[in-house]
Amino acid sequence: MSDFAYIPLETKGWRMAMGLRPLDLGHWLEFDRRRDAELEQKRQLLDAAFDVVVATNPDGDEGSRELLAEVTQFLEVHHPEFDIPVRRDEHPVVAAARLVQEDLCVLVRSDVWRLQAACVCFPSRWNLASKLGATLDDIHRPVPIYDVELSRPTNAFFERLKPDRSFWRLNWTLIDSPALHQPTSARRSAHGDLADWFFRVERQTLRRLEVSGAIVFTIHNYVASAKELCQSHEEFGATLLLNLDTAPIAMQEYKGWIGVADSLRASLEATSN
Ligand code: HEM
């Protein structure tokens, strides 16, 4: 798995940061070799668990329509070879999400910015329905330290975001399952050795739409076996341990990492011998 797209570990230890970078809209959405499998998984989830993966309020309709138009235009320009018919008989945020690997969220400003439409097939241990209509602060309520470190800059960023400058960021976690669809927030306790753990990266983009003024938040998940990454990337194991060791306890609890570094250390030493 040496072609793993992103390894956003901090070389100096764990840090909570917005980490926003300017986004060239020519690279707004990404496609990889898992595209067909992920689009098929989305189809199955939309059939079997629609209410788990879709949440919409009427306030998100206009932004969702504009989002669908943007997604189809992006595909026409950058991937004309993907000829998937667009479903006009369903909510536009769902029709758009069927075309791309990304999960799609539409935020609209009323009193403040609120999540008003989303199709999220691949949540990393959170529940979409509970976030519909919520503010950024409420969405992030379970995230330790967010209120102190990120609430103010994130809200300010949303107030300033303009259609002509878009951004992207990366989030990573270590998780005990490679499944993309993880809609429950339960964190399991530490178990297993390196081979049982997976490095999960979210590539997120943020852009403001020109006409509706809505903000679109996209999430593309990349998952790889931690053991394979240790083998293919020399520094991965040591840097991962450093990040686990230096994460604040509240964050370790939130992520389900308590005790994990210790069990991984032994297994990493065994792997490197
Ligand atoms: C600049 C913008 C944003 C920043 C800096 C940010 C930051 C974060 C961070 C640091 C976490 C903790 C995740 C982890 O480390 O595992 C998180 C979780 C999360 N974020 Fe964001 N976020 C941003 C925008 C958004 C937006 C627009 C949404 C809209 C859906 C969102 C939804 C979530 C959700 C649902 C979680 C999981 C919360 C839970 O556990 O219930 N984020 N975010």
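Me: How many disulfides does a search of the whole structure find?
Reply: Bear in mind that this is a predicted model. A pair of cysteine sulfur atoms has to be within 2.5 Å to count as a disulfide. Searching the whole structure on that basis, the number of disulfides found is zero.

Me: C119 is in no disulfide, so which cysteine has the nearest sulfur, and how far away is it?
Reply: C119 is buried, with a relative accessible area of 0%. The cut-off for a disulfide is 2.5 Å between sulfur atoms, and C119 is in no disulfide. Its nearest cysteine sulfur belongs to C121, at 4.2 Å.

Me: Is C230 buried or exposed?
Reply: Buried means under 20% relative accessible area. C230 has a relative accessible area of 16%, so the word for C230 is buried.

Me: Which residue is the only protein donor of the ligand's iron atom, and at what distance?
Reply: A donor here has to be an N, O or S atom within 2.8 Å of the metal. The place to look is the loop between helix 5 (136-139) and helix 6 (146-149), where H140 sits. The only protein donor of the iron is the NE2 atom of H140, at 2.0 Å.

Me: Which of the 21 residues around the ligand come nearest?
Reply: The iron donor H140 is one of them.

Me: How far is an oxygen atom of the ligand from an N or O atom in the side chain of Y254?
Reply: Let's go through the polar distances one by one. For K131, a polar side-chain atom is 2.7 Å from a ligand oxygen. For H140, an N or O atom of the side chain is 2.8 Å from a ligand nitrogen. For Y254, the side-chain N or O atom and the ligand oxygen are separated by 2.5 Å.

Me: Which elements give two or more residues to the shell around the ligand?
Reply: The ligand takes up the space of the largest pocket. Two or more shell residues come from each of these elements: strand 3 (103-109), helix 5, helix 7 (151-160), strand 5 (166-175) and helix 10 (249-255).

Me: With which side chains does the side chain of T205 make a polar contact?
Reply: T205 is found in strand 6, residues 198-208. With a relative accessible area of 0%, T205 is buried. Its side chain has a polar contact at 3.4 Å with the side chain of W28, and another at 2.5 Å with that of T218.

Me: R65 and A95 are 30 residues apart in sequence; what is their C-alpha to C-alpha distance in space?
Reply: R65 is in helix 3, residues 61-78. At 51% relative accessibility, R65 counts as exposed, because exposed means over 50%. From C-alpha to C-alpha, R65 and A95 are apart in space by 9.5 Å.

Me: What is the phi of R125?
Reply: Most residues other than glycine have a negative phi. R125 is found in the loop between strand 4 (113-119) and helix 5, and it counts as buried at 7% relative accessibility. Its phi is positive, near 65 degrees.

Me: And what about the phi of I145?
Reply: I145 is in the loop between helix 5 and helix 6. At 25% relative accessibility, I145 counts as partly exposed. I145 is a residue other than glycine with a positive phi, near 75 degrees.

How values were computed. Residues numbered from 1 in each chain as written. Predicted model: local features only at pLDDT ≥ 70, side-chain atom pairs only at ≥ 80, totals over all residues. Heavy atoms only, no water. Donors = N, O, S within 2.8 Å, 3.2 Å for Na, K, Ca; no water. Helix = DSSP H or I, 4+ residues; strand = E, 2+ residues; numbered from the N terminus. Buried < 20%, exposed > 50% of the residue type's maximum accessible area, 1.4 Å probe, protein only. Near = heavy atom within 4 Å. Polar contact = N/O pair within 3.5 Å; in protein donor to acceptor, adjacent residues only side chain to side chain. 1 Å grid on protein atoms, 1.4 Å probe; cavity = no way out; pocket = protein on both sides within 12 Å on 5 of 7 lines; lining within 4 Å. Sits in = over half its atoms within 2 Å of the grid points.
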